[in-house]
Amino acid sequence: MMPTHTIKMLVLLLMVLAPLQGCVQQRQRPVRSEADLIQAAEAFQAEYVAGRYEALQVLIARMEKELDDYQQGHTDEPPVLDLLTISGGGDHGAFGSALLDAWGDVPPGTTGIIPRPEFDIVSGISTGSLIACSVFAGSDEAYELCARTYQEATPDWVSGRGLSGLLPSSDALVDTTILEEEIYKQLSDELIRQIAEGRADHRLMVVGSADLDLARMRMWDVGRIAQQAVDTGDYDTFREIVMSSASIPIAFPPKIIDDALYVDGGVIGNLLGGRDPIWFLRLVRMWKARHPDQPCPKIRIWALVNNKERLEPRYTELRWPDIAARSISAALHAGTMQTLQQLWLMSELTREREGVEIEYRWTAIPQDTYLPDAYDMFAPSTLETLSALGARMAGDPNTWQTLPPALD
């Protein structure tokens with residue numbers, strides 16, 4: 001989710017400069033006819049259904065492997081399926097990346113702190129998709145690199161395009177060349193190979209981008225895409241897909257992948273984990289059908305929100321740009337909180353109907369956190385504050401909440 005002042009700026013520029021449409025050269029993409037789009041929508045739906053079933057198959061195999069390791073004495077603890085879903089939040093990802101990195105340094109046996117798991121399922125939107133890559137790779141080095149990338153980011157990672165960027169015939173307001181170079185350094189060939197290894201070990205990683213033509217959330221199985229990258233040597237497609245999830249519309253250039261136009265997945269939803277209301281039921285019932293004599297492993301849900309639980313109160317001027325910006329911010333924020341509620345309801349429904357042990361936890365930037373009033377993305381004061389906060393909260397047993405956020 002973008003800060004309100006950023007949304008306000010984008011809305012104002014879009015309306016003021018609209019009459020100048022066509023004054024500059026713009027990127028071209030193939031025109032898609034109505035028939036092409038109908039066919040694409042049908043293919044999308046078929047791929048979604050097949051992908052959902054494949055994901056369940058992967059996770060069942062993961063649960064079987066962990067159960068077998070436990071029964072053979074290779075591990076001391078019964079199997080647990082850990083799911084982590086990470087929200088967007090722009091440069092507020094400094095909070096989540098620092099928390100996850102520092103979590104790994106908490107001494108084992110610390111009262112009230114569950115050791116950082118090797119997550120079986122990791123999903124991310126926008127800045128959350130970038131963090132998810134390091135989480136899924138799983139090494140201490142990957143976590144540390146991700147946190148350091150946010151800590152060392154600077155405002156010059158993004159810059160205005162001048163008049164050409166301001167005109168609506170441009171595809172974005174800012175130049176993200178440096179930003180993408182830095183992100184792609186983090187998404188190294190070695191990191192992508194580690195992600196491919198995780199997929200081979202029956203773990204699942206998904207990032208979401210918004211397909212603007214179809215107005216649908218494309219949930220990319222990037223673990224499988226990482227395997228394809230290793231097989232073909234084409235690592236850039238993986239990077240483009242992850243970057244598409246973080247391409248803030250209007251501000252950042254969209255990504256064109258297989259002729260489709262993709263922007264930040266937060267346009268459609270800021271958390272992937274709760275999009276299918278009966279997903280856990282399907283998973284548990286598939287397990288019971290295959291293993292009627294074995295109890296289903298415990299499931300732990302972790303949701304990390306790179307924003308505050310509630311928007312800060314702020315006076316809204318009686319002007320349409322202020323009204324539009326505040327309305328968009330409120331809608332995006334409310335959607336995130338509603339998804340957290342839905343995740344909790346999913347877990348409760350599955351527990352009650354199937355008798356499976358499910359734990360639900362979520363965290364966000366504390367409401368009383370003071371954030372410097374910085375208008376630049378990647379302002380050092382903001383990054384320092386959020387990084388220190390995340391690192392401190394990693395060792396606090398009260399960081400993860402077990403009840404959903406209350407909505408008005």
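## Reading a helix pair and a buried serine

Mentor: In α4, Cys-133, Ser-134, Phe-136 and Ala-137 meet Leu-191, Gln-194, Ile-195, Gly-198 and Arg-199 of α8. By type, the residues of this contact split into five nonpolar, three polar and one charged. Keep in mind that we're looking at a predicted model.

Trainee: Okay, so how do I describe the way α4 and α8 cross?

Mentor: For two packed helices you give the angle between their axes and the distance between the axes. Here, the axes of α4 (residues 127-137) and α8 (residues 189-200) come within 8 Å, and they cross at roughly 65°. The crossing of α4 and α8 is left-handed.

Trainee: Now strands. What should I know about side chains in a regular strand?

Mentor: They alternate between the two faces of the sheet. Take Ser-209, which sits in strand β5, residues 204-211.

Trainee: Is Ser-209 buried or exposed?

Mentor: Buried, because its relative accessibility is 0%, and the cut-off for buried is under 20%. Compare that with Thr-110, in the loop between α3 (93-103) and β2 (121-125). Thr-110 has a relative accessible area of 28%, so it counts as partly exposed.

Trainee: What does the side chain of Ser-209 make polar contacts with?

Mentor: There's one of 3.2 Å to the side chain of Trp-220, and one of 2.6 Å to the side chain of Ser-244. If you skip the neighbours within four places in sequence, the residues in contact with Ser-209 include Arg-216, Met-217, Ile-241, Tyr-262 and Val-263.

Trainee: Which residue in β8 stands opposite Ser-209?

Mentor: That's Asp-264. β5 and β8 run antiparallel, with three bridges joining them.

Trainee: And why do we call β8 largely enclosed by the rest of the structure?

Mentor: Because five of the five residues in β8 (residues 260-264) are buried.

Trainee: What does β8 form with β7?

Mentor: A hairpin, with two residues between the strands. β7 (residues 255-257) pairs with β8 in the antiparallel sense over three bridges.

Methods:
Residues are numbered from 1 along each chain as its sequence is written. This is a predicted model: local features need pLDDT of at least 70, side-chain atom pairs count only at pLDDT 80 or more; totals for chains, interfaces and linings use all residues. Side-chain values use heavy atoms; hydrogens and water are left out. Helices (H or I, at least four residues) and strands (E, at least two) are DSSP runs, numbered from the N terminus. Buried means under 20% relative accessible area, exposed over 50%, partly exposed in between (1.4 Å probe, protein chains only). A polar contact is a pair of N or O atoms within 3.5 Å; within protein, one must be able to donate a hydrogen and the other to accept it, and residues adjacent in sequence count only if both atoms are side-chain atoms. Contact means heavy atoms within 4.5 Å. Axes are lines fitted to C-alpha atoms, for helices over the stretch in contact, and angles run from 0 to 180 degrees between N-to-C directions. A crossing is left-handed if the near helix is turned anticlockwise from the far one by less than a right angle, and right-handed if clockwise. Ala, Val, Leu, Ile, Met, Phe, Trp, Tyr, Cys and Pro count as nonpolar, Asp, Glu, Lys and Arg as charged, and the others, Gly among them, as polar. Two strands pair if DSSP finds at least two bridges between them.
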